[in-house]
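Please look through the structure below with the sequence at hand.

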Amino acid sequence: MDRADVIILGGGLVGLTTAIALDRHGLSSIVVDPADPELTLAPAHDGRATAVSSASWRMLEAIGVGARLEGEGCPIRSIRVSEGLEPGGIVFDPEEGDDPLGIMYENRRLRQALRETAAEAANIQLLMPAAAADVVRDGTGVRVALQDGRMIAAPLLIAAEGRNSPTRDAAGIAMARWSYDHHAIVLTIRHEYVHESTAYEIFYPSGPFAILPMLPGTRSAIVWSVPAADAAAIVDLPARAIAAEIEKRMGGFLGRIEIAGPRWSYPLGFHHAATITGQRLALVGDAAHGIHPIAGQGLNLGFRDAAALAQVLVEGARLGLDLGDAQLLTRYEKWRSLDTFMVAAATDGLTRIYGVPGRTASAIRRFGMGIVQRIGPLRAQLMAEARGETGDLPLLLRGLQI
């Protein structure tokens, strides 16, 4: 039977980040994932791109992943938020020399860098593809029987399996969950004019429309929220037709555009676990919470989970504690619960506010954005939120070792 300090079920972005953070501080993990890693690294697997916050980037640098990604991401130097193409809105524009509001990376490239780092780590055993057939969590530890007959054991089980986590469901953890009845259409475009590292969030009655800068400067990612009933028809439009629709929503400010790759459609929903711990169990990432991409904070919330859990476990190990100890898990629960709830509530509230139709609602939203634009300290606070620099930050998110 193979043993480690933790077993991580789920080898996605958050699961691998957690394993690498623990490895850098001498704790071992066995990562189990049913997906074939060669398929998950293929360009056709996941077309999304993510704005990695400044705090998350500091953690990736601290655990040795950042060096593999250096120079490949596009910094977001400015964010412009508007109600349709109406004048006004909010401009988030950090002062010269400040950290960017985020760095855009293709999810596929993030996954590749994490996979390479984990494969070279001394304290990480990757079992991919592999799947758990039976999990036992009791007072003596965690034992997992894999479908191929192998047995693994550890003091703690970390569930990083995503929004449909079977481990969370088997633990009987209650979930708040609903659908927004919208899909996000995701694709990459090339455009005539350079984006100047500016991201745009344009709110239409049918849903938000985000333009996210990528390298080189004439390339951007589109995240376009549409009613679920329309998603399939839009995705299947000919390239010239969908380019024309996107150009119309952009108002032509980036000039002529063309589609630069495949298109994907993802259902949008909300879920939030009532608790993120159980007996010898901790949830991280989408296993614990899933939010609307309106603020681009979903993956960054998962990175914050990884940083907090790693600090709790490393500090507990130094005190000689059992890593499945209830006191350690309670500390993790308290540390992460308020932050994830507040971000989830804020993004859900924004989604609902901007989904109210009518001229009166639009006028009220424009008035509110005008107030935010005029109040410097409020804009500064919102920029700090975008960078992931608010609240009780774990050491890794400050760029420090534990």
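Which residues in α8 are buried? In this predicted model, the buried residues of α8 are I242, A243, I246 and M250. Seen down the axis of the helix, the buried residues of α8 fall within an arc of 105°, so they line one face. An α-helix has 3.6 residues a turn, so residues three or four places apart point the same way. On the face of α8 turned away from the buried side are the exposed residues R240 and K248. The partners against which the buried residues of α8 pack are β14 (175–191), β16 (207–214), β17 (219–227), α7 (228–235) and β18 (257–273). The 12 residues of α8 (residues 239–250) should span 16 Å at 1.5 Å a residue, and the end C-alpha atoms are 16 Å apart, which agrees. After α8 comes G251, with a positive phi near 70°.

Turning to the whole protein chain, its secondary structure comprises 12 helices and 21 strands, and 53% of its 402 residues are buried. Of the contacts between residues at least 6 apart in sequence, 73% join residues at least 24 apart. The chain exposes about 17,200 Å², of which carbon and sulfur atoms supply 54%. On the surface, L338, F341 and M342 form a nonpolar patch with about 340 Å² of accessible area together, and M342 belongs to helix α10 (residues 326–353).

Side chains of opposite charge can pair when their charged atoms come close. The count of salt bridges comes to 18. One of them joins R58 to D99, with the closest N and O atoms 3.0 Å apart. R58 lies in helix α3 (residues 54–62) and D99 in the loop between β7 (90–92) and β8 (102–106), so the pair ties together parts that are 41 residues apart in sequence. Another salt bridge links E192 and R256, whose closest N and O atoms are 3.5 Å apart. Here E192 lies in the loop between β14 and β15 (198–204) and R256 in the loop between α8 and β18, so this pair ties together parts 64 residues apart in sequence. E192 is partly exposed, with a relative accessible area of 35%, whereas R256, at 57% relative accessibility, counts as exposed. Finally, salt bridges that share partners join R304, D305, R336 and D339 into one network.

Technical notes: Residues are numbered from 1 along each chain as its sequence is written. This is a predicted model: local features need pLDDT of at least 70, side-chain atom pairs count only at pLDDT 80 or more; totals for chains, interfaces and linings use all residues. Side-chain values use heavy atoms; hydrogens and water are left out. Helices (H or I, at least four residues) and strands (E, at least two) are DSSP runs, numbered from the N terminus. Buried means under 20% relative accessible area, exposed over 50%, partly exposed in between (1.4 Å probe, protein chains only). Contact means heavy atoms within 4.5 Å. Accessible areas come from the Shrake-Rupley method with a 1.4 Å probe; for residues, only the protein chains shown count as cover. Patches are made of residues with over 30% relative accessible area and no salt bridge: like charges are joined within 9 Å, nonpolar side chains (Val, Leu, Ile, Met, Phe, Trp, Tyr) within 5 Å. A salt bridge is a side-chain nitrogen of Lys or Arg within 4 Å of a carboxyl oxygen of Asp or Glu. The expected span of a helix is 1.5 Å times one less than its number of residues. The arc is that of the directions from the helix axis to the C-beta atoms.
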